[in-house]
Amino acid sequence: MKSDKILFFIASFLIAIGIIFSLSLGVFSVLLYDYDNTHFFIRQLSIGVISIFLMWALSRLNPEKILTFVCIYIFFLAMFLLMLAMPFMPSSLVKEINGAARWIKLPGFSFAPIEFFKIGFIYFLAWSFTRKIDGVKKPFWDEFWILVPYAIVFFFIIMLVAIYQNDLGQIVVLGLVLFLMIVLAGISKKMFFSSFSFFIIIIICIIKFSGHRINRIYSWLAGIKDILAPILPDKIANSIFSDDAQAPYQISHSLNAINNGGFFGEGIGLGTFKLGFLSEVHTDFVLAGISEEVGFFGILIIVIFFYALLFRVFQIASKTTNQVYYLFASGVGLMFLFSFMINSYGITSITPVKGIAVPFLSYGGSQLLGSSVAIGFILMISKKVKFKG
């Protein structure tokens, strides 16, 4: 059977969009760091071509023979050899950006293990849930003890990613994927809500005991104070809004960039907020930069293609009869969905900003390769389902 061509072409189209805007939106960083004009474009183009080829190559393989071995290998390699080794690596190898040590510096490029660990972690959950959770109703404490090992593993991941690498956004993505995969695997609603409540408490504790995260929350609240303050009781408003907090200037510039794009945009390459007003516009704020240049109509088309990709992934998941493939494909789709939502909500001030890349669109080799590997695995699975269209 053939793999799903539509999914392949949608992913390739999104990669091409990301390559185009890596040339347009990286202009300020090019000037700031005295790079060549095509510095980001050439890098993203090179990784983009490799990523498309990688998707095609993976789609040719038989998932029954290779998928479990490769994904479990990725999981353990990324977690035990790279993520555990990073705290002990010299500063010359571990690249720190904006206070976060998330990249291993290699000759010519930097590598973020978390982008590949997520894929292996999702497959590990799918493979393990299929063996441990059978959908049969069990007493609460039986389910509790089934989930305890996963809670221990996830707590360890929180320590590695949220504490050492200062990347709470990825923990939120993985946590949401984990709990929805538990539901899909057949755990009871009572256990799901108990586990999810515990996860929320952990996240609140991480934020509560982290000064810069508390400041970020207050800064976000300052940005929406004019909206919330009039509709909240004075006592509640006084308790959640800090007089010392200032609205994040990045968000105001992001919203202005989106507003400046209007319906049809300023034109590709003609945006102004990317010229130093909105830093990291080719990475974390790529959607705002794209919106200014192609407008509401252009970003709507891109969003439609992105959600078409998600729809295709979930369709493949729903049509497979293999429970591991079903949970894995669903988990990958959820990972893309939550990454997109957290980024888009952040740049529009609906939620606090987190450093989450937009799959396929943000500049960055690790996220692009990781996203493409995930799609390659889904394409591999698509050959084993009766999928029309």
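Reader: Among contacts in the chain between residues at least 6 apart in sequence, what percentage join residues at least 24 apart?

Author: This is a predicted model, in which local features need pLDDT of at least 70 and side-chain atom pairs count only at pLDDT 80 or more, while totals for chains, interfaces and linings use all residues. Residues are numbered from 1 along each chain as its sequence is written, and side-chain values use heavy atoms, with hydrogens and water left out. A contact means heavy atoms within 4.5 Å. Among the contacts between residues at least 6 apart in sequence, the part that joins residues at least 24 apart is 75%.

Reader: How many helices and strands are there in the chain?

Author: Helices (H or I, at least four residues) and strands (E, at least two) are DSSP runs, numbered from the N terminus. Counted in that way, the chain has 15 helices and three strands.

Reader: Is Phe121 buried or exposed, and which residues does Phe121 contact beyond its neighbours within four places in sequence?

Author: Phe121 has its place in helix α5, residues 114-132. Buried means under 20% relative accessible area, exposed over 50%, and partly exposed in between, with a 1.4 Å probe and protein chains only. Because its relative accessibility is 2%, Phe121 counts as buried. Leaving aside its neighbours within four places in sequence, Phe121 is in contact with Phe75, Val153, Phe154, Ile157 and Leu174.

Reader: Which residues do ring pairs link into a cluster with Phe121?

Author: Rings of Phe, Tyr and Trp (its six-membered ring) pair if their centres lie within 6.5 Å, and planes under 30 degrees apart count as stacked, over 60 as edge-to-face and the rest as tilted. Phe121 and Phe76 are 45 residues apart in sequence, yet 8.8 Å apart in space, C-alpha to C-alpha. In the cluster, ring pairs link Phe121 with Phe75, Phe76, Phe117, Phe124 and Phe154.

Reader: Why is the pair of Tyr307 and Phe340 described as it is, and how many residues apart are the two?

Author: A search of the whole structure finds 29 aromatic pairs. In one of them the ring centres of Tyr307 and Phe340 are 5.7 Å apart and the planes stand at 85°, so the pair is edge-to-face. The pair links distant parts of the chain, since Tyr307 is in helix α13 (residues 286-319) and Phe340 in helix α14, and the separation is 33 residues.

Reader: Are Tyr307 and Phe340 buried or partly exposed?

Author: Tyr307 has a relative accessibility of 34%, and therefore counts as partly exposed. Phe340 has a relative accessible area of 5%, so Phe340 is buried.

Reader: Which helix supplies the largest share of the lining of the second largest pocket?

Author: On a 1 Å grid over the protein atoms alone, a pocket is an open set of points where a 1.4 Å probe fits, with protein on both sides within 12 Å along at least five of seven lines, and lining residues have an atom within 4 Å of a point. The second largest pocket is lined by 21 residues, of which Val172, Ile203, Ile207, Pro352 and Lys354 lie nearest its centre. At least two lining residues come from each of α7 (168-185), α8 (189-208), α9 (211-223) and α14 (323-347). The largest share, six residues, comes from α8.
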